[in-house]
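Here is a friendly walk through one protein model, from a single side chain to the charged pairs around the fold. Please keep the viewer open as you read.

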Amino acid sequence: MGFLNKLFGNSPKEEETMTNPKLKIGIILGSTRQGRVSPQVGEWVKGIADQRGDADYEIVDIADFNLPFLGTTDGTEPGIAAWNQKLASLDGFVFVVQEYNHSITGALKNALDFAREAWNDKAAGIVSYGSTGGARAAEHLRGILGELKVADVRTHPTLSLFTDFENGSVFKPADLHQTNMKAMLDEVIAWSGALKTIR
Ligand SMILES: Cc1cc2nc3c(=O)[nH]c(=O)nc-3n(C[C@H](O)[C@H](O)[C@H](O)COP(=O)(O)O)c2cc1C
């Protein structure tokens with residue numbers, strides 16, 4: 001392979017790896033319902049993350065993939081392959097998690113179930129919201145991530161539907177969350193980089 005590179009140069013993929021060694025982190029929106037607030041929260045996370053300059057951050061919207069309900073089709077919908085390819089291209093994740101009946105959304109659970117290897121040996125942070133900061137949903141997600149071999153970091157910004165949203169719908173986060181956001185992203189970057197070495 002080395003002598004081929006000398007003759008023909010590196011492939012585009014190899015060139016990209018050498019010139020752009022930055023980690024790729026997906027900010028996954030966990031809700032898909034009409035009228036959801038998760039895009040506002042995702043943009044806020046991305047705005048803070050982009051200022052760091054330490055990784056390529058992108059919003060990954062489950063709704064864009066039109067995933068069927070697991071097991072109800074023959075599995076050939078293009079969105080299923082696209083979902084797996086997107087996850088495989090990422091080194092780590094920040095989950096934007098909302099609390100539905102004390103757990104995560106059905107849409108997020110379905111999307112989690114639709115991949116396996118593409119999740120494995122990666123790191124994740126959780127930003128949650130709900131009446132109690134989405135804490136119960138986040139704790140459920142942690143259990144699922146363990147099975148998928150995703151290492152979730154300790155620091156976990158929790159947003160209140162009462163004090164971080166106007167009328168529960170317009171996102172106006174309190175300044176105090178900045179500290180936790182920085183710590184969470186520091187941990188996600190450190191663990192994502194470490195886990196990349198064992199994949
Ligand atoms: C089906 C459903 C169940 C919910 N259950 C809870 C709950 O158990 N605890 C809570 O704090 N909020 C609950 N909520 C409120 C949501 O957390 C809130 O509507 C939030 O904005 C949902 O996120 P989304 O706008 O991104 O969909 C529930 C909302 C829905 C639609």
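Leaving aside residues up to four places away in sequence, W191 touches A123, A151, D152 and V153, where contact means heavy atoms within 4.5 Å. This is a predicted model, in which local features need pLDDT of at least 70 and side-chain atom pairs count only at pLDDT 80 or more, while totals for chains, interfaces and linings use all residues. Residues are numbered from 1 along each chain as its sequence is written, and side-chain values use heavy atoms, with hydrogens and water left out.

W191 itself sits in helix α7, which covers residues 177-196. Helices here are DSSP runs of H or I with at least four residues, strands are runs of E with at least two, and both are numbered from the N terminus. Because its relative accessibility is 41%, W191 counts as partly exposed; the scale calls a residue buried under 20% relative accessible area, exposed over 50%, and partly exposed in between, using a 1.4 Å probe and protein chains only. If you look for G92, you will find its C-alpha 8.4 Å from that of W191, although 99 residues separate the two in sequence.

Now turn to the charged side chains. A search of the whole structure finds 14 salt bridges, each being a side-chain nitrogen of Lys or Arg within 4 Å of a carboxyl oxygen of Asp or Glu. One of them pairs R199 with D91, with 2.8 Å between the closest N and O atoms. This pair links distant parts of the chain, 108 residues apart: R199 belongs to the segment after α7, and D91 to the loop between α4 (78-88) and β3 (92-98). How exposed are the partners? R199 counts as partly exposed because its relative accessibility is 42%, whereas D91, at 7%, counts as buried.

Other salt bridges lie within a helix. K182 and D186 are both in α7, four residues apart, or about one turn of the helix. Their closest N and O atoms are 2.9 Å apart, forming a salt bridge. Through salt bridges that share partners, K182 and D186 join R52 and D54 in one network. D186 has a relative accessibility of 31%, so it counts as partly exposed.

Helix α6 (residues 135-147) holds R142 and E139, which are three residues apart and therefore separated by about one helical turn. Their side chains meet in a salt bridge, at 3.2 Å from N to O. E139 is partly exposed because its relative accessibility is 46%.
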